[in-house]
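Hi,

Here is the structure I promised to pass on. My notes on what turned up are below it.

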Amino acid sequence: QFFDFGILLALERDIPHFQSRQDVPSLKRVTDIGWSSFFILSLIGSIILGIVTFFVFKSLVTALLLGFYLITDKLYRAYDCLSRTQFKYRWNGVGELILAAASLALIWYALPRFGMQSIFFTLIFSSLISTWFFHKRCPLQFHWSFNLKQYRHIIKEALTLAAVYYSYELFQMIALTVLAWKSDVVTLGYFAFVFRIYQMCLSIFPAVMADVMRTRMYFHSARLRNGEDPFRKLFIALGMYTGLTVSFWLLTYVGAGWGIRQFFPHYVESTQALIVL
């Protein structure tokens with residue numbers, strides 16, 4: 001997942017910026033170089049993942065499925081990013097809902113009937129359905145560019161954003177890996193349970209609103225040089241965002257223990273882990 005070096009984060013920053021300034025040449029350059037480098041790195045990453053999987057599990061089918069899943073997931077994420085840069089948040093939310101609903105429904109049906117490997121087929125199919133939905137409403141338009149020097153330049157510009165975002169992701173992965181390595185199965189099960197609840201809550205507050213605010217901030221900040229005060233339009237939105245997020249997490253902090261004891265009594269020992277998260 002880290003092999004794209006945060007290029008999507010850089011595109012979410014640069015595309016609204018140049019759109020706001022109506023700088024067409026710079027917008028064309030950043031989209032051509034950004035999307036080209038992202039897709040090429042994603043393809044390379046998928047091939048590497050497939051090769052490593054084959055040597056670890058000695059299964060060509062598993063290697064092909066995992067590699068193909070990564071490239072379809074990257075394609076979905078590209079359109080997901082594009083819809084936000086075009087401020088089509090309604091379609092962005094519908095596309096994410098389609099992905100979640102299709103994945104859940106297909107896995108629910110296929111897993112008991114066709115076994116573990118059917119998970120890959122369902123996730124690949126769900127990603128393709130969501131990508132098709134995005135493409136119909138927000139088509140991705142760019143010209144391929146194979147300038148390695150420009151690739152290095154955009155990766156360098158994306159690294160600061162990627163360092164912040166991926167360091168958090170890496171921390172989560174390290175925590176799960178250490179638990180799986182050092183702890184017993186029961187402890188790992190408790191942590192995995194509360195970690196999933198934590199991720200679901202995080203995806204609602206603040207991740208969804210943060211995605212909306214981030215591209216808007218980049219768009220309006222590009223007008224600072226014109227002597228305007230573009231952030232005045234965002235004060236109310238930022239205040240509501242802050243208030244909702246704080247309220248939601250305080251309620252989660254106070255009520256999570258009660259909710260687990262009430263509805264998931266077998267996981268009552270995981271309450272402290274959820275409060276820490």
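The structure holds 16 aromatic pairs (rings of Phe, Tyr and Trp, the last by its six-membered ring, with centres within 6.5 Å; planes under 30 degrees apart are stacked, over 60 edge-to-face, the rest tilted). One of them is Phe 39 with Phe 142: the ring centres are 6.0 Å apart and the planes at 25 degrees, so this pair is stacked. Phe 39 lies in helix α2 and Phe 142 in the loop between α5 (118-137) and α6 (148-182), so the pair ties together parts 103 residues apart in sequence. Helices here are DSSP runs (H or I, at least four residues), numbered from the N terminus. Both Phe 39 and Phe 142 are buried (buried is under 20% relative accessible area, exposed over 50%, partly exposed in between, with a 1.4 Å probe and protein chains only).

Before I go on: this is a predicted model, where local features need pLDDT of at least 70 and side-chain atom pairs count only at pLDDT 80 or more, while totals for chains, interfaces and linings use all residues. Residues are numbered from 1 along each chain as its sequence is written, and side-chain values use heavy atoms, with hydrogens and water left out.

Back to the rings. Ring pairs link Trp 35, Phe 38, Phe 39, Phe 142, Trp 144 and Phe 146 into a cluster. There are also two charges over one ring face: Arg 90 lies over Trp 91 at 5.1 Å from the ring centre, and Arg 137 lies over Trp 91 at 5.2 Å (the cut-offs are NZ of Lys or CZ of Arg within 6 Å of the ring centre and within 35 degrees of the ring normal).

Now the charged pairs. A search of the whole structure finds seven salt bridges (a side-chain nitrogen of Lys or Arg within 4 Å of a carboxyl oxygen of Asp or Glu). Among them, Asp 32 meets Lys 28 at 2.8 Å, N to O. These two both lie in helix α2, four residues apart, about one turn of the helix. Asp 32 is buried at 9% relative accessible area, whereas Lys 28 is partly exposed at 43%.

Asp 73 and Arg 77 form another salt bridge, with their closest N and O atoms 2.6 Å apart. Both lie in helix α3, again four residues apart.

Cheers
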